[in-house]
Amino acid sequence: PWLGGTFTAMLLSLAGIPLTVGFMGKFYLVVAGVSASFWLMVVVLVLTSGIGLFYYLRVVVAIFSRQPQTPVATTVLPLAGGLTLAGLTLLLVWLGVLPSPLLEIIRTMIA
């Protein structure tokens, strides 16, 4: 369940769900597109995000709803791998909620 939850968080970030860093990326793309009057690109981004969300949610439903018919051998995730995935998931949500540290790093790199 932990690995499925991490994968779900990553898929929701790819879909651009709020409170994830993927949402912040898509938000800044929309803002840049609107300010430059690239309306077609903004519409394409919104439509493809909706289509992508449909497919991502199908994967999430498949992860959490199907029960295997035959017993499946499970493997234990090593401690380093589990800590890495937990850290990346926390970073995914933290940068979605508070993106200012990342934006400051980006501003200093391009200035």
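Biologist: Which backbone nitrogen does the side chain of Ser13 reach, and at what distance?

Modeller: Ser13's side chain reaches the backbone nitrogen of Gly22, at 3.0 Å. That counts as a polar contact (N or O atoms within 3.5 Å; within protein, one able to donate a hydrogen and the other to accept it, with residues adjacent in sequence counting only if both atoms are side-chain atoms). Before we go on: this is a predicted model, where local features need pLDDT of at least 70 and side-chain atom pairs count only at pLDDT 80 or more, while totals for chains, interfaces and linings use all residues. Residues are numbered from 1 along each chain as its sequence is written, and side-chain values use heavy atoms, with hydrogens and water left out.

Back to Ser13, which sits in helix 1 (helices are DSSP runs of H or I, at least four residues, numbered from the N terminus). Ser13 counts as buried because its relative accessibility is 7% (buried is under 20% relative accessible area, exposed over 50%, partly exposed in between, with a 1.4 Å probe and protein chains only). Setting aside neighbours within four places in sequence, Ser13 is in contact (heavy atoms within 4.5 Å) with Thr20, Val21, Gly22, Phe23 and Leu92.

Leu92 takes us over to helix 4, where it is one of the residues that helix 1 meets. Helix 1 (residues 2-15) and helix 4 (residues 79-97) pack at about 35°, axes 10 Å apart (axes are lines fitted to C-alpha atoms over the stretch in contact, with angles from 0 to 180 degrees between N-to-C directions). From helix 1 come Leu3, Thr6, Ala9, Met10 and Ser13; from helix 4, Leu85, Leu88, Thr89 and Leu92. By class, that's six nonpolar, three polar and no charged residues (Ala, Val, Leu, Ile, Met, Phe, Trp, Tyr, Cys and Pro are nonpolar, Asp, Glu, Lys and Arg charged, the others, Gly among them, polar).

Take Leu85 in helix 4: it is partly exposed, because its relative accessibility is 26%. Leaving out neighbours within four places in sequence, Leu85 is in contact with Leu3, Thr6 and Leu77. Its C-alpha atom is 9.3 Å from that of Phe7, even though Leu85 and Phe7 are 78 residues apart along the chain.

Leu19 has a positive phi, near 75°, despite not being glycine. Leu19 is exposed, because its relative accessibility is 55%. Ser37 also has a positive phi, about 60°, and isn't a glycine either. You'll find Ser37 in the loop between helix 2 and helix 3, partly exposed at 46% relative accessible area.

On the helix 2 side are Lys26, Leu29, Val30, Gly33 and Val34, meeting Trp39, Val42, Leu45 and Ser49 of helix 3. Here the contact has six nonpolar, two polar and one charged residues.

Finally, Ser49 lies in helix 3 (residues 39-65) and is buried, because its relative accessible area is 14%. Its side chain makes a polar contact of 3.0 Å with the side chain of Lys26. Apart from neighbours within four places in sequence, Ser49 is in contact with Ala15 and Lys26.

Notes: Helix = DSSP H or I, 4+ residues; strand = E, 2+ residues; numbered from the N terminus.
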